[in-house]
Structure formats: structure tokens, C-alpha cells
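Q: Hi, could you go through this structure with me? I'd like to start with how the strands pair and then move on to the side chains.

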Amino acid sequence: MMRLRSSIYSFLIIFLLMQFTGVYAEIFRFQADTMIGTKATGKESVILSGKAKVWSEDLILQADRIEIAGKDNRYIQCSGGVIGLDEKKGIRFTTSTLSYDRELKKARLEGDSVLEDKENKVVARGRFIEYDDAAGTVLLQINVRIFKDNLVCRSDYALYRRKEKLLEMGGSPVVYKNGDEFSSDRIRVDLNTDDVVMEGQVRGTLKSSTKEKTSDGSTGQP
């Protein structure tokens with residue numbers, strides 16, 4: 001077993017992560033106020049505490065505490081004021097705790113969480129968010145809120161398909177669009193066109209102008 005400790009402020013170290021396939025390796029950089037590490041077989045881990053930060057070519061993670069563990073440093077666990085950024089895809093997120101599987105490229109966000117998709121101009125909120133990078137999907141659960149331009153969506157759970165720009169919602173879903181309100185058992189929103197498709201018991205409220213112009217150009221009540 002090897003244990004490393006450091007209390008140097010913003011300690012900076014570069015290390016080479018083990019290869020996944022034997023074909024390539026990935027370089028991660030990290031910094032923190034303190035670090036504890038062990039390389040015992042089956043218990044490999046590095047724990048960073050205090051202004052911890054981990055970054056690679058595409059991914060940046062910041063948190064109060066970050067643990068890197070598992071064979072080939074597969075798992076990353078972050079807690080406390082977590083901020084993440086995937087610069088290549090334009091994804092930014094904040095959460096209380098984050099679990100990330102580097103091999104499957106899946107991230108789980110728990111607690112009050114926000115995911116911003118800058119490329120598609122979508123902001124999603126929920127108590128639980130699972131981001132599957134390979135599949136290009138975002139699963140949201142509990143107090144789900146999704147915003148895009150003049151669209152506001154609310155539901156108990158939702159599946160956001162980034163590649164197709166589709167949003168599928170269930171659990172008392174409601175969509176607010178330009179002052180109109182739509183609700184149903186299930187709602188699907190095409191984020192390319194903002195078209196709303198509802199299934200099940202459909203309900204809605206359409207907003208109309210309180211004033212309209214008459215033929216002579218004056219205004220009157222409809």
C-alpha cells in the first residue's frame with residue numbers, strides 16, 4: 001500500500017491514467033488543498049479535498065471533495081458544490097453530488113441539479129439527473145423543469161434526447177408556450193420546431209388578446 005498526503009495549498013500534479021483498451025491513455029490533471037492516495041490492488045483511490053478540481057482535454061470537474069477510484073481510475077465521485085463542464089459538447093451542470101463512470105461515460109447528479117445544454121439552448125432542472133454521453137440522452141426525475149426560449153415544461157420525470165432534440169415527459173406534465181398552457185398524461189415536444197404532441201387526457205388553455213383592432217384602426221373589446 002502507498003499513501004500520499006499533502007497540505008500544500010492548490011497542490012498541482014499531473015498523472016497518467018491507465019489505458020482502457022491498451023491502445024490509448026488519457027492524461028488528467030488535478031489540484032486540491034489536500035490529497036490522500038492508495039494504490040493497493042483492488043482498493044486504488046485518490047481523494048482530493050478543499051477546492052478540488054479535475055480536468056482533461058474535454059471534461060472539467062470542481063467540488064469540495066473528489067474521489068477517483070477503481071481499476072484504471074474508472075470511477076469519479078464528487079460532493080459539495082459540484083460544477084462540471086464538457087467543453088466539446090457545450091454541457092455545463094451544477095449539483096450536490098456526482099457519480100461518473102469514465103468507461104460507460106455516464107454521469108449521475110443527485111440533489112438540486114441543473115444541466116445546461118448551450119448548443120440546443122436548453123436548461124433542465126431536477127432532483128435526479130442521469131446523463132448518458134454515448135446515447136446522447138438525459139433522464140430527469142423529481143420536480144423536473146425544462147426551459148427553452150419561450151417554452152417552460154414541468155413534469156415528474158422526463159427523457160431529453162439531445163441528438164434528436166426531443167423531449168418526452170410523463171407524470172402530470174405541463175407545457176407553457178407563449179402564454180398558452182397544455183397538460184396531458186404524456187407530452188412530447190419537438191425542440192427543433194417547438195411543436196407539442198399530447199397523448200391521453202388532453203387539457204389546455206389558450207391565451208387571447210384582450211384588445212383587437214377594428215377596421216378603422218381603433219381598438220375595442222372582442
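Predicted model: local features only at pLDDT ≥ 70, side-chain atom pairs only at ≥ 80, totals over all residues.

Q: How many bridges join S10 to S11, and do they run parallel or antiparallel?
A: Eight bridges join the two, and S10 and S11 run antiparallel.

Q: And the hairpin of S10 and S11, how many residues sit between the strands, and which one takes a positive phi?
A: Four residues lie between those strands, and Gly 136 is the one with a positive phi, near 70°.

Q: What about S11 and S12, how many bridges there?
A: Ten bridges join S11 to S12, which covers residues 151-161, and this pair is antiparallel too. To give you some landmarks, Phe 147 has Val 152 in S12 as its bridge partner, and Arg 145 stands opposite Arg 154 of S12.

Q: Which residue takes a positive phi in the hairpin of S11 and S12?
A: That's Asp 149, with a phi near 50°. This hairpin has two residues between its strands.

Q: Good, on to charges. How many salt bridges does the count come to?
A: The count comes to 16 salt bridges. As background, side chains of opposite charge can pair when their charged atoms come close.

Q: Which residue does Glu 130 form a salt bridge with?
A: Its partner is Arg 108, with the closest N and O atoms 3.0 Å apart. Glu 130 is in strand S10 (residues 122-132) and Arg 108 in strand S9 (residues 106-117), so the bridge ties together parts 22 residues apart in sequence. Arg 108 counts as partly exposed because its relative accessibility is 44%.

Q: And what does Lys 148 meet in a salt bridge?
A: Lys 148 meets Asp 194, at 3.5 Å from N to O. The two come from distant parts of the chain, 46 residues apart: Lys 148 belongs to strand S11 (residues 137-148), while Asp 194 is in the loop between strand S16 (186-190) and strand S17 (195-199).

Q: Is that pair buried or exposed?
A: Buried on either side: Asp 194 has a relative accessible area of 13%, and Lys 148 comes in at 11% relative accessibility.

Q: Where do Arg 186 and Glu 199 lie?
A: Arg 186 lies in strand S16 and Glu 199 in strand S17, so their pairing ties together parts 13 residues apart in sequence. The side chains meet in a salt bridge of 3.2 Å, N to O. Arg 186 is partly exposed at 43% relative accessibility, and Glu 199 is partly exposed at 34%.

Q: Which residues are linked in a network of salt bridges?
A: Arg 74, Asp 101 and Glu 103 are linked that way.

Q: Switching to rings, how many aromatic pairs come out of the count?
A: Zero aromatic pairs. There is a charge over a ring, though: the charged end of Lys 53 sits over the ring of Trp 55, 4.8 Å from its centre.

Q: One last residue. Is Phe 182 buried or exposed?
A: Phe 182 is buried, because its relative accessible area is 17%, under the 20% cut-off. The residue is found in strand S15 (residues 180-183).

Q: What does Phe 182 touch, apart from residues up to four places away in sequence?
A: Quite a list: Pro 173, Val 174, Val 175, Lys 177, Ile 187, Met 198, Arg 203, Gly 204 and Leu 206.

Methods. Residues numbered from 1 in each chain as written. Heavy atoms only, no water. Phe/Tyr/Trp six-rings, centres within 6.5 Å; stacked < 30°, edge-to-face > 60°. Lys NZ or Arg CZ within 6 Å of the ring centre and 35° of its normal. Salt bridge = Lys/Arg side-chain N within 4 Å of Asp/Glu carboxyl O. Buried < 20%, exposed > 50% of the residue type's maximum accessible area, 1.4 Å probe, protein only. Pairing = 2+ DSSP bridges. Contact = heavy atoms within 4.5 Å.
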